[in-house]
Amino acid sequence: MAPSAKAQWSSSGRGDLEIMKKVGANAVRLYGNDPREDHKPFLDEAAKQGLEVIPGMSDYPYTQMPKNCMTTDFNCYSQIKEQYKSNLQNGFVDKDGSYHPALKTVIVINEPDLKIPGISQPSKFCRAIISAIDGMIDAEKEVGVKSNFVNFTATFSFGICTACEGSRKPALGQMIHLHLAMTQPEEVGYKAQNDLAEVYRTRFTNSFNTNNPATDMKPLFLNDYEEHFKSTPVFIGEYHSTHVSTKKDIEEVMDVVKNSSLVGISFFEFQVRYDKGGSEMDFGMFGLGQQKITTMDFFGVEFPVWCLMKMQDKKSPGETVVDGLASAFQGAGISDEELCVIDPEKVPLSEDGYQSIRSLKKIDKMAAFVSRVVQHLGGVVSDQKQLQDFAQKYMTTEAKVYVRRLSQLDASFTSMVSELSQHPSWVDWDANAACIADRASDEGSIGEAVGYVCGELTSFNCTDLPSFCSEDLWMKADYVLSLFYLRQVTSGQPLRDCNFNGAAMFAPSKVYRGHDTVCIVTKDPSTTALSEEGYQTTLEEHDAEKVAIFVQREVEDLKMQVTNSSALKSFAEKPPAHFKDLKDQLSQMPWVCGGPSGRNCPSPINPSGGGASALEIGLIICIILLVVAVLAAMYVRRKRQMAAARNQEVSTPQLELRVT
């Protein structure tokens, strides 16, 4: 869920969330989280894929942190309140006070009956649960949550709680005891700050984990559950029976969902747990393949990101767990070829990315990678033949075809970038390329890049950002990144200094003109931001024609028109020193009209004198109408004459000759 792992879950990386959607999932369950991390990028990606997210609180405040719940007699109010408040502030809640649309249910704790302190002491683990929920409600109030409220759940094991009154069925005794604690907190030794009975009635869902098959669900649990809980929904947080066919069992349990109070299951689990070993490795639907897609810096430690491979269903020979699950979930499914794709449009622009493309031994893939590198250096490939030749050169370790010229070729990414930095002729290099936010990145990474740059800029304070760039994160990033590169980068190495861990790219104008350019500061007066920084960048060119172009744009932005081009050029030769002065003076200039100038603009005429004025056009139209009227009258007169001649022929006696 952390941005550090986006190389796994994002569509720009391995695409785990997209894969889940193809398998047929509509939600993803998570275990624990670091509340200090920004969760919004993950939630945004899940929402983009059409997935709900069911996050779980970490065990850290319950059993691991100093002064955890175990040390406060299982009263978890303060520990969970602070943890959950941080979650809310780091992506769970949008700026308008609404829970993120991808969130519907939050797991307060997973299997509390097994760890705080154990299944034999239900009052203690129920006290921990209800005090945690109490703290979460108060955290919502402090943050100002207003709408789209989530449900809470505590996911129990499928163990039998003999110390719980009301049932000896798996998980059910725990749920009955929790219901008592939520409606009567004093029964478990807790004084609530909020109306927990109302919370239970309106915002609570029961849940449990099990590896029992579908045939056990009704007799072991649901038949009795529906007697005790008439209106509280329930779902299975971990479901996977490894002793039966996945496809058959999932089809059967989905039939149970259609005909009971069970609202759904979370299939356990996405990837094989190699770290656990033993029987724990039987549950994963995907294993790790042999191809390294990329690497990720996970909290300071670099890990490889391997492609995925489908795991065989041990109870259905010839069928994989993934294919069986996709069939039962009615998902589109995913092929083996899709899983281990090394995409030149996604791999990092680094030695690792280069080597992964090189391992494919396909010139077209290397050419696509090179073209992407060129684009991030501020160019656009103009000669595909020479691009292919260049790609071929870097596909071969021993350059047999180019023995003399390339015998010493260093077939590395550094060598490639060095050669491209010499600006070969088969690329159109753009002098107005700019450092902008890479639209293939995510908001979390963009936010980190903006924060870093704002701390490094020496000639600009990010609090002075133009208002038209301050509301949208991507436009804000465009502004500060482009300004930073123009003002403070002198290395001429955009892949290094305009990258920010993949959040930025040094884009040619053909690329950034495809986005909204109003917040990009460049040396091009026809596109640079209409702001103090854009104006100063234009003035630094010491070119009156460029200043005139900038001023013309500002005139038009103020809803005015230039009436005298010569006067504009004269003004541009000695422009005001600051953008604010420019705006103040423009409306007073006699060579503008409309808008704040208060002067009416003259009727539009062709300044070259080669066309007709409005009066002349009107006169021509009148003449044409007059000619048409005369011709129509002549036509009518002629028709009448012809009709009269025919009438005269009819009235003249005719001589009829008959032969007998």
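Predicted model: local features only at pLDDT ≥ 70, side-chain atom pairs only at ≥ 80, totals over all residues.
The surroundings of I133 can be followed in detail. Leaving aside residues up to four places away in sequence, I133 touches V108, F152, M182, L196, V199 and F204.

Two packed helices are described by the angle between their axes and the distance between the axes. Helix 13 covers residues 351-358, and its axis comes within 9 Å of the axis of helix 14, with a crossing angle of roughly 155°. An angle over 145 degrees counts as roughly antiparallel, and helix 13 and helix 14 are therefore roughly antiparallel to each other. On the helix 13 side the contact is made by G353, Y354, I357 and R358, which meet K365, M366 and F369 of helix 14. By type, the residues of this contact are four nonpolar, one polar and two charged.

Helix 14 (residues 363-376) also packs against helix 15 (residues 384-393); here the axes come within 8 Å and cross at roughly 105°. Angles of 65 to 115 degrees count as roughly perpendicular, so helix 14 is roughly perpendicular to helix 15. From helix 14, the residues I363, M366, A367, V370 and S371 meet L387, Q388, F390, A391 and Q392 of helix 15. Seven of the residues in this contact are nonpolar and three are polar, with no charged residue taking part. M366 of helix 14 belongs to the contact with helix 13 and also to the contact with helix 15.

The remaining topic is charge pairing. The structure holds 26 salt bridges, and a few of them are described here. In helix 15, K385 and D389 are four residues apart, about one turn of the helix. Their side chains meet in a salt bridge with an N to O distance of 3.0 Å. K385 is exposed, at a relative accessible area of 55%, while D389 is partly exposed at 33%.

The side chains of K580 and D584 form a salt bridge at 3.2 Å, N to O. K580 has a relative accessible area of 57% and is exposed; D584, at 44%, is partly exposed.

A further salt bridge joins K546 to E541, where the closest N and O atoms are 3.2 Å apart. K546 is partly exposed, with a relative accessible area of 26%, and E541 counts as partly exposed too, at 28% relative accessibility.

Salt bridges can also be linked to one another. In this model E18, K22 and E338 are connected in a network of salt bridges.

Note on methods:
Residues numbered from 1 in each chain as written. Heavy atoms only, no water. Axes fitted to C-alpha atoms, helices over the stretch in contact; angles between N-to-C directions. Helix = DSSP H or I, 4+ residues; strand = E, 2+ residues; numbered from the N terminus. Parallel < 35°, antiparallel > 145°, perpendicular 65-115°, else oblique. Contact = heavy atoms within 4.5 Å. Nonpolar A, V, L, I, M, F, W, Y, C, P; charged D, E, K, R; others polar. Salt bridge = Lys/Arg side-chain N within 4 Å of Asp/Glu carboxyl O. Buried < 20%, exposed > 50% of the residue type's maximum accessible area, 1.4 Å probe, protein only.
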